[in-house]
Amino acid sequence: MFLLVGCSDKRVLLFEELPEEGWNQEQWVAFSYNHRLPEKEVSLSWVLRHDDDYPFSNIHFITAWRNPKGVEKIDTISYVLAQPDGRWLGKGLYIKEHLLPFEERFLLDEPGAYQFRIRPAVRTTEKLVAEKTLQGIHQIGIALNPILHD
């Protein structure tokens with residue numbers, strides 16, 4: 001696996017390539033962002049890239065973030081990825097990209113490393129136990145978008 005980093009217009013994008021055999025649902029993907037500037041407010045979004053082999057119309061994640069002081073928040077979040085007729089909501093032809101809001105207003109109030117983690121938590125309604133691996137997901141990423149104040 002490797003990490004891709006991109007910046008444009010002060011937006012920060014961090015990506016992780018996922019294994020071809022699928023994303024193990026017990027595997028956390030972690031991102032670290034080293035904040036060096038004065039206090040800054042951003043919106044956080046997960047960026048999911050998948051193909052038609054992804055078998056579900058939605059996705060559930062367990063997410064966590066930790067600030068440089070060690071304060072941590074863990075949450076379970078769900079997103080709809082397809083319309084009721086099965087058409088994907090994301091952008092793209094072969095690979096669909098979804099921008100999934102995570103924290104609408106997130107304050108980077110301390111210099112230092114901010115940690116963000118995510119792992120899938122998906123199961124079919126017919127099964128009590130989740131499938132071990134999710135197929136069709138190629139990349140997961142996080143976008144940090146600055147919030148401009150007047």
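## Charged groups over aromatic rings

The charged end of Arg49 is placed over the ring of Phe15, at 3.9 Å from the ring centre. The structure described here is a predicted model. A further arginine, Arg117, lies over the face of Trp28, and here the distance to the ring centre is 4.1 Å.

## Aromatic pairs

Nine aromatic pairs are found when the whole structure is searched. One of the pairs is formed by Trp46 and Phe102, whose ring centres are 4.8 Å apart. The planes of Trp46 and Phe102 meet at 40 degrees; because planes under 30 degrees apart count as stacked and those over 60 as edge-to-face, this pair is classed as tilted.

Trp46 belongs to strand E5 (residues 40–50), whereas Phe102 belongs to strand E8 (residues 96–108). The pair therefore ties together parts that are 56 residues apart in sequence. Trp46 has a relative accessibility of 0% and counts as buried. Phe102 is also buried, its relative accessible area being 13%. Elsewhere, ring pairs join Trp65, Phe106, Tyr114 and Phe116 into a cluster.

## The largest pocket

The largest pocket holds about 160 Å³ of space. Ten residues line this pocket, and those closest to its centre are Lys10, Tyr33, Leu37, Lys40 and Pro146. Classified by residue type, the lining comprises seven nonpolar and three charged residues, with no polar ones.

Key:
Residues are numbered from 1 along each chain as its sequence is written. This is a predicted model: local features need pLDDT of at least 70, side-chain atom pairs count only at pLDDT 80 or more; totals for chains, interfaces and linings use all residues. Side-chain values use heavy atoms; hydrogens and water are left out. Rings of Phe, Tyr and Trp (its six-membered ring) pair if their centres lie within 6.5 Å; planes under 30 degrees apart count as stacked, over 60 as edge-to-face and the rest as tilted. Helices (H or I, at least four residues) and strands (E, at least two) are DSSP runs, numbered from the N terminus. Buried means under 20% relative accessible area, exposed over 50%, partly exposed in between (1.4 Å probe, protein chains only). A charge sits over a ring if NZ of Lys or CZ of Arg is within 6 Å of the ring centre and within 35 degrees of the ring normal. On a 1 Å grid over the protein atoms alone, a cavity is a set of points where a 1.4 Å probe fits but cannot get out, and a pocket is an open set with protein on both sides within 12 Å along at least five of seven lines; lining residues have an atom within 4 Å of a point. Grid points are joined across faces, edges and corners, and a volume is the space filled by probe spheres set on the points. Ala, Val, Leu, Ile, Met, Phe, Trp, Tyr, Cys and Pro count as nonpolar, Asp, Glu, Lys and Arg as charged, and the others, Gly among them, as polar.
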